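Me: I would like to go through this structure with you. Could we begin with its interior and then turn to other topics?

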Amino acid sequence: MVITPTYDPYLVALSILVAGFASYTALDLGGRLALAQGPTLAQGPTHRIWLAAAALTMGAGIWSMHFVAMIAFELPMPVSYDVGLTVLSLVLAIIGTSGSFYVISRPGAWRPRLVLSGVFMGFAILAMHYTGMAAMRGPVELSYDPLWFALSVIVAIGAATAALWLAFGTRDPGQKLAAAIVMGVAISGMHYTGMRAAICTAQATTEAHEVATLDRTPLAVAIAGFVLADLAALFASALKRKRADEALRQTQADLAHIQRVTAMGELAASITHEVMQPLGAGMNNAGAASRWLGADPPDLDKARQALDRAVNDGMRAAEIIGRIRTLMKKQSPRKEALEVNEAIVEVIALTRGEVMKNNVSVQTQLAEGLPLIQGDRIQLQQVILNLIINAVQAMSGVSEGSRGLLISTGKDALGRVFVAVQDSGPGLNPESFERLFDSFYTTKPGGMGMGLSICRSIVEAHGGRIWATPNAGPGITMQFTLPINDQATASVRPAA
């Protein structure tokens, strides 16, 4: 006789929560495998520790979810579980997940690793489930509907692959949370699909077997222990990551400040010239005013005009010095709504002397009506300054008539603001494009190779992306995108 089981809805909800919670913890730990990778660490102790932690957490999480769901699975007769097969189901889950995390954290082509890792993870979920089902003891026989069984295999491997793609394809915390949800769906979805495939038939006769079994109480205690271990692992990982992120942000801020000071040092001669121009003009206008006042009779109108020009010259010099002080100042990043075109115009004014010294022709195509962006003005101006200096230096070796710099802004297809700096320099070889933003990689003699790496860190910290492309003609184009500040833009529109 076929038995129709029922489920305790509260325990079903708990089983799904356990799956998602364990998935988030394990994927967070597994993400550290990539951070622990490197030429010297790929087989080092750090890599093995994170691999073991991630595998244990995910394997225990799959196991815990399964048996919480099995406690929710209610039959009209008592059941227990074979100890040996129950332990084997846990071991298989850990082995399968360790293989998955090991494969995806290895160097090599991304897609084959992702697919193979998804297969391993799917195998871990499937092996744990069906071994755990085989451990069930009681006056009932199990068989499986082949179509629902096949569907459970597809759900396990497909959803696990999607979760790994989300988790290891980005460092964004929101996407990692989405990956944990997808992995929880993979585990829970496979389990309940597999349970739908199960056909429970009451035995006509019951034979006594002397087999060590577990009832619900020790299972519940074991599950609680694994969940508490997951919680402890997540807390420890979150605390360590928070400290590491704070240290990394401080280091990046220090490097960014050093790079700004270095860049301003390179521009020192041209900036001095820029400051001396308004100061010299102011002195000339002040002298002219003195002469007009000393005339007989004094020409007060012309003296007043000369003094007005002297004041304007002084203000212009003060603005230049103020921009220099702002870029040289060391302060914590402060994000606010800002207009990217204004930030670009200020940087162009600072680099005018360097541009003129190198006989570079500068053109701008700044789109009107761009939405505001959310960012730190100094950091974003540092990115623009670095790109302009790099472009000018790249063109220093070409004939003077061919030195053209185009700075443009606009909106891309996704509605983000983009900034592009296009030069007519000698360009780069294909290998350089791949490594251009790596730390300590440089194409300039005597360069440190930190400028573009810092630019990438700043842009990515603002939620954007930076890249380089070759031009159809000579030179390259450096571009970066930034997300818009919807709230600030909405508040500005009504006022307009």
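Me: How do the residues of the lining of the largest cavity divide into nonpolar, polar and charged?
Reply: The lining has six nonpolar residues, three polar and no charged. Here Ala, Val, Leu, Ile, Met, Phe, Trp, Tyr, Cys and Pro count as nonpolar, Asp, Glu, Lys and Arg as charged, and the others, Gly among them, as polar. Please note that this is a predicted model, in which local features need pLDDT of at least 70 and side-chain atom pairs pLDDT 80 or more, while totals for chains, interfaces and linings use all residues. Residues are numbered from 1 along each chain as its sequence is written, and side-chain values use heavy atoms, without hydrogens and water.

Me: Which residues line the largest cavity?
Reply: They are Ile62, Met65, His66, Ile125, Met128, His129, Ile187, Met190 and His191. A cavity is a set of points on a 1 Å grid over the protein atoms alone where a 1.4 Å probe fits but cannot get out, and lining residues have an atom within 4 Å of a point.

Me: What volume does the largest cavity have?
Reply: Its volume is about 30 Å³, taken as the space filled by probe spheres set on the points, with grid points joined across faces, edges and corners. The structure holds one cavity of 30 Å³ or more.

Me: Changing topic, how many salt bridges are there?
Reply: There are two, a salt bridge being a side-chain nitrogen of Lys or Arg within 4 Å of a carboxyl oxygen of Asp or Glu. Arg304 pairs with Asp301, with 3.1 Å between the closest N and O atoms. Arg416 and Asp412 form a salt bridge at 2.9 Å, N to O.

Me: Where do Arg304 and Asp301 sit in helix 9?
Reply: In helix 9 (residues 300–328) they are three residues apart, so about one helical turn separates them. Arg304 is partly exposed at 46% relative accessible area, and Asp301 is partly exposed at 49%. Partly exposed lies between buried, under 20%, and exposed, over 50%, with a 1.4 Å probe and protein chains only.

Me: And how many helices and strands does the protein have?
Reply: The protein has 15 helices and 15 strands. Of its 496 residues, 44% are buried.

Note on methods:
Helices (H or I, at least four residues) and strands (E, at least two) are DSSP runs, numbered from the N terminus. On a 1 Å grid over the protein atoms alone, a cavity is a set of points where a 1.4 Å probe fits but cannot get out, and a pocket is an open set with protein on both sides within 12 Å along at least five of seven lines; lining residues have an atom within 4 Å of a point.
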